[in-house]
Amino acid sequence: MSEDSHIEFLLSDALARQRAAFEADPHPSLATRRDRLDRIGRLLKDRGPEICAAVSRDFGHRSVHETTMLEIVPLMGALRHTRSHLRRWMKPERRGRSIEFLQLKNTVQYQPLGVIGVMVPWNYPIFLALGPLIDILAAGNRAIIKPSELVPQTSALLSTLIGAYFAPEEVTVIEGGVDVAAAFSAQPFDHLVFTGSTAVGRKVMAAAAANLTPVTLELGGKSPTIVAPDYSHFSAARDIVFGKLMNAGQTCIAPDYVLVEKGRLEQFVSALQAEIVRCYPSQSSAMHYTGIVGERAHRRLVDGLQECRDRGVRLVTADITLPQAGFAIAPTLVIDPPADCRLMEEEIFGPILPIIPYDTLDDAIAFIRARPRPLTLYLFTGRNETRRKVLESTISGNVTVNGTLLHVAQNDLPFGGVGPSGIGAYHGFDGFKRFSHARGIATVRIFNPARLAMPPYGRLTELLAKFMGRI
Ligand code: NAD
């Protein structure tokens with residue numbers, strides 16, 4: 001058997017086994033769903049230290065605190081939230097009816113879709129595999145996960161752990177490189193969740209279209225940050241450094257660049273420098289600062305900086321002690337780079353922060369509106385009028401006002417992109433609905449009003465048409 005047909009066999013066999021199991025239990029009970037969720041919780045609780053160690057090896061270095069706070073803790077929060085609300089979410093939803101249909105009862109039943117494919121990027125390899133899985137299992141589905149080839153130790157561990165806590169008919173992991181990923185996206189899943197770059201997202205959606213498989217695409221892009229003139233630049237610097245340097249900027253919702261009032265540019269740059277050194281003092285920075293995932297990603301960032309240097313752009317590099325292993329890059333501020341440099345044209349995905357000065361808030365808004373709709377928008381302002389103006393004149397997947405990253409940890413907010421930053425949102429009830437079929441059910445109670453409109457037509461039909469056709 002050739003390598004390609006072996007992969008094809010593995011994928012179609014896993015899908016066929018899960019689909020058969022799904023057909024045997026197409027509407028799992030609350031108890032079954034809770035049991036599956038509890039197993040994710042146990043997996044994380046029992047094997048947390050192993051997960052932190054594997055992720056750190058794949059990144060060259062990543063602090064245990066970071067993996068705990070950014071991968072394991074939010075999953076535990078999502079599990080608690082989902083577990084406690086699931087009974088209510090599973091209940092059929094009552095819907096309204098118009099006056100001529102008062103005899104009907106209308107409900108929406110949320111049905112499991114079946115087998116869902118989950119394609120995972122490397123940057124949060126546990127959170128972005130198990131996060132969608134929570135919503136998928138809560139909605140009563142089964143799942144096949146394809147982790148990223150760029151974090152091989154974490155992917156292998158995930159495969160072992162899922163195998164230990166789930167039957168392959170419930171959840172299974174299929175590892176492999178880009179060839180496996182491409183074959184995976186071409187499987188006739190009942191839904192496909194892809195988290196990754198916009199460029200690969202296009203290929204995944206094209207492959208899924210051949211099967212009419214619906215997709216949820218969680219993509220990337222350049223998330224802008226506006227510091228409004230009224231807001232303390234010290235306070236903004238503190239939150240921006242936190243959001244930018246977690247995972248060394250390898251976060252889809254990291255602030256990609258910052259727009260700051262021209263007159264406060266120098267003060268803001270100094271505040272950012274001071275904040276970086278406060279967060280990563282020399283005695284602990286090597287322990288707490290994360291490496292870049294691989295040589296290619298490192299080269300891309302170094303080249304982006306070099307291009308700016310060559311074009312005479314001012315770079316401010318923070319003097320922190322980097323981890324010994326892997327490919328770390330020091331936090332670097334890029335002051336007022338040209339719009340056509342690589343760092344301003346592509347998602348940065350590293351600890352590099354362009355600072356763009358603006359004359360008026362309208363200029364800052366126009367800068368964002370001239371670019372593709374981002375995954376996240378950050379705004380720092382204490383003024384309601386500024387908040388309203390920015391929110392009404394921009395479109396983005398999500399927003400955090402006066403902080404960074406916080407929206408992703410809110411279990412009752414939809415999380416997702418818009419346009420090139422993604423299709424569809426999940427988390428909490430929005431995730432439950434995303435991975436369900438909302439079946440609208442109309443039930444006739446005592447009298448069927450359609451009987452009044454049946455042939456032979458006459459005066460009654462005319463009166464009825466007049467009444468129902470009113471404006
Ligand atoms: P990527 O697009 O390179 O890879 C993601 C997945 O796609 C991997 O599992 C990979 O195996 C697979 N893949 C690669 N080539 C493929 C192909 N030709 N056909 C099908 N699948 C293929 O992304 P990445 O580098 O792992 O992650 C970084 C990107 O992900 C960034 O753009 C980031 O913004 C984005 N991201 C988005 C979110 C979100 O929630 N919106 C979260 C994390 C990361």
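Colleague: Why is glutamate 3 called exposed?

Modeller: Glutamate 3 has 53% relative accessibility. Exposed means over 50% relative accessible area, buried under 20%, and partly exposed in between (1.4 Å probe, protein chains only). The value of 53% therefore makes glutamate 3 exposed. This is a predicted model, in which local features need pLDDT of at least 70 and side-chain atom pairs count only at pLDDT 80 or more, while totals for chains, interfaces and linings use all residues. Residues are numbered from 1 along each chain as its sequence is written, and side-chain values use heavy atoms, without hydrogens and water.

Colleague: Why does leucine 113 count as partly exposed?

Modeller: Leucine 113 has 23% relative accessibility, so it counts as partly exposed. Leucine 113 sits in the loop between β2 (104-112) and β3 (115-119); strands are DSSP runs (E, at least two residues), numbered from the N terminus.

Colleague: What does leucine 113 touch, leaving out residues up to four places away in sequence?

Modeller: Its contacts include Phe22, Asn141, Arg434 and His437. Contact means heavy atoms within 4.5 Å.

Colleague: Why is phenylalanine 467 called partly exposed?

Modeller: Phenylalanine 467 has 39% relative accessibility and therefore counts as partly exposed. This residue lies in helix α16 (residues 459-468); a helix is a DSSP run of H or I with at least four residues.
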